[in-house]
Amino acid sequence: MSSAPISYKRHRFLPQIIAHVVWLCNRFSLSLCVIEEVLLERSITLLHEVIRELRFKFGPA
């Protein structure tokens, strides 16, 4: 069964940032606030609520 390609259209953040957020959420068992701090160290400002929404939308089903 083939799945449809992921569409990043109409999203505020670059696909690379979205992919990195989803990777951080799934690879490591970090809280959303810790992931927010990790991204902030890389000059990427995301609220933990946005991180949760990206993980829910683009994470594994």
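## Helix packing

Contact here means heavy atoms within 4.5 Å, and helices are DSSP runs of H or I with at least four residues, numbered from the N terminus. In this predicted model, local features need pLDDT of at least 70 and side-chain atom pairs count only at pLDDT 80 or more, while totals for chains, interfaces and linings use all residues. Residues are numbered from 1 along each chain as its sequence is written, and side-chain values use heavy atoms, with hydrogens and water left out.

By that contact criterion, H20, V21, L24 and C25 of α1 meet I35, V38 and L39 of α2. By class, this contact has six nonpolar residues, one polar residue and no charged residues.

## Geometry of the pair

Two packed helices are described by the angle between their axes and the distance between the axes. The axes of α1 (residues 15-27) and α2 (residues 32-41) come within 11 Å of each other and cross at roughly 135°; α1 and α2 are therefore oblique to each other, a term for angles that are not under 35 degrees (roughly parallel), over 145 (roughly antiparallel) or 65 to 115 (roughly perpendicular). The crossing of α1 and α2 is right-handed.

## Residues with positive phi

Most residues other than glycine have a negative phi. R10, in the segment before α1, has a positive phi of about 60° although it is not a glycine, and with 86% relative accessibility R10 counts as exposed (over 50% relative accessible area, with a 1.4 Å probe and protein chains only).

S43, which is found in the loop between α2 and α3 (48-58), is likewise not a glycine and has a positive phi, near 65°. S43 is exposed too, its relative accessible area being 66%.

Technical notes. Axes fitted to C-alpha atoms, helices over the stretch in contact; angles between N-to-C directions. Helix = DSSP H or I, 4+ residues; strand = E, 2+ residues; numbered from the N terminus. Left-handed = near helix turned anticlockwise from the far one by under 90°. Nonpolar A, V, L, I, M, F, W, Y, C, P; charged D, E, K, R; others polar. Buried < 20%, exposed > 50% of the residue type's maximum accessible area, 1.4 Å probe, protein only.
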